[in-house]
Amino acid sequence: MIQLDFAAVLVDWPLLLRGAAFTLGLTAVATVLGVALGIACARARTHGAAPLRALATAYVELIRNTPFIVQLFFIFFGLPSLGLRLSSETASIIAMTLNLGAYAAEIVRAGIDNTPRGQLEAARSLAMTERQVFLRVVLPPALGRVWPALVSQIVIVMLGSAVCGQIAAQELSYYTNLIMSRNFRSFEANFVAAAMYLAMAVMLRQLLAWAGPRWIFGRVAPTGR
Amino acid sequence: MVEFTVWQILWNLLLAARWTVALSLIAFAGGGIVGLALLAARLRRWPGVAMAVATYVQVFQGTPLLIQLFLAYFGLGLFGINVSAWVAASVALTLYASAYLTEIWRGCVDAIPRGQWEAADSLALSFGEKLRHVVAPQALRIAVAPTVGFLVQVIKGTALASIIGFIELTKTGTMITNATFRPFTVYACVALMYFALCWPISAVSKRLERKMRRDR
């Protein structure tokens, strides 16, 4: 007979909550930095000079074709031999940012590519500079078009951050490990963690879907309003 | 401390990459079979099945693969099954892949115009015949590119099996690092291996996608 004891895990709820908060914090920072990096790379790949374009492409391909855990280990364990010693939190944020940046670059580029030519021509005929055209005419509706894909990617990065516990960043899976090493309720601890991650994923998705049109790309009405 | 030349590191990683490939193939094939079964159940329109499959997909897409691996590892143990890391990783990655694949393929089936289903109905085709002669040929064409693309996700996902003690590429990298104290070189080599595995597949997937868009 299988006996499950969830109470033994839930009694440590302050640790679980602290871990969840840390996970959300890491995700928030990585989201802001990663999306900005993604936009910069998308811009470099669509408008940049040839060397810059090649560099951005190499970065995107390299990140998209290697596992997050290897990127994280390379940054945390590998870079100190170059004299760059990072705390586990900094390494986690850098890894998550670089990871999200590469995927966001592809996603945002798809949105930029679908900009109607007429809008570019209209903006240029108003004597806007290239930077103004990009920031005011091209980018906001492009973000609007690809927002659902971008939100999915942000959720994937949040879930991926569970690996950061392996380098002792004190996020949810780190505390899950701590709890199961104390009470040996391994299955229950991971089950509770899974439920918490699921709730966080659903909430984050809803929050971003709600916030996007209001604050991020909604200031400039997309078209025809 | 053990002295390893870069070639020895690469050679050992290459040997370990076989297990990454093996686990990826098991997960991809197993996930394909389970995913197909779930898709068929959905298309049957049995009551409650759509909800159940949607929940299944939501759970696997909404929780970290790492936690899924732990749950498989410790969960199978609860039933008194003595699980090796092999079994746990295969089970977890199969279920993970099945959730994604069934969702990808559902999208492909949904992309087929309703008229095709109705035409098949009006020809009095059975459920199996409808799938075989009308739906599958059209859905498969759309499905190839994203399915190949997902294979890359699976290969990268197997890296997490290292954490439950499955000795594949990443785990071997960690072991060599512990012996040589050269994390920079070793993890760069590990990343290179994954890149060599994944990049050609990504490129094929991208080309298929472009070709499909042109053909339409």
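One term before we start: two residues are in contact if their C-beta atoms, placed from the backbone, lie within 7 Å. This is a predicted model, where local features need pLDDT of at least 70, side-chain atom pairs count only at pLDDT 80 or more, and totals for chains, interfaces and linings use all residues. Residues are numbered from 1 along each chain as its sequence is written, while chains are lettered from A and ligands numbered from 1 in the order in which they are written.

**Stop 1: where the chains meet.** Show both chains: 31 residues of chain A are in contact with 29 residues of chain B. On the chain A side, α3 (50-64), α4 (68-78), α7 (130-160) and α9 (186-216) each bring at least two residues. Colour α9(A) next, as it gives the largest share, 10 residues. By class, this side of chain A has 20 nonpolar, nine polar and two charged residues. (Ala, Val, Leu, Ile, Met, Phe, Trp, Tyr, Cys and Pro count as nonpolar, Asp, Glu, Lys and Arg as charged, and the others, Gly among them, as polar.)

**Stop 2: chain A by itself.** You'll find nine helices and zero strands in chain A; helices here are DSSP runs of H or I with at least four residues, strands are E runs of at least two, and both are numbered from the N terminus. The C-alpha trace of chain A spans about 75 × 45 × 25 Å along its principal axes. Of its 225 residues, 45% count as buried, meaning that 20 or more other C-beta atoms lie within 10 Å of a residue's own.

**Stop 3: A:Leu72.** Which residues does A:Leu72 touch, leaving aside its neighbours within four places in sequence? Select A:Ala91, A:Ser92, A:Ala95, A:Val163, A:Cys164 and A:Ile167 to see them.

**Stop 4: two helices in chain B.** Bring chain B back and pick α1 (residues 6-43) and α7 (residues 169-180), whose axes (lines fitted to C-alpha atoms over the stretch in contact) are 8 Å apart at an angle of about 150°. α1(B) and α7(B) are therefore roughly antiparallel, the word for angles over 145 degrees on a scale from 0 to 180 between N-to-C directions. To see the contact, show B:Ile9, B:Asn12, B:Leu13, B:Ala16, B:Ala17 and B:Thr20 in α1(B) against B:Leu169, B:Thr172, B:Gly173 and B:Ile176 in α7(B). Those residues divide into six nonpolar, four polar and no charged.

Technical notes
Parallel < 35°, antiparallel > 145°, perpendicular 65-115°, else oblique. Buried ≥ 20, exposed ≤ 12 C-beta atoms within 10 Å, placed from the backbone.
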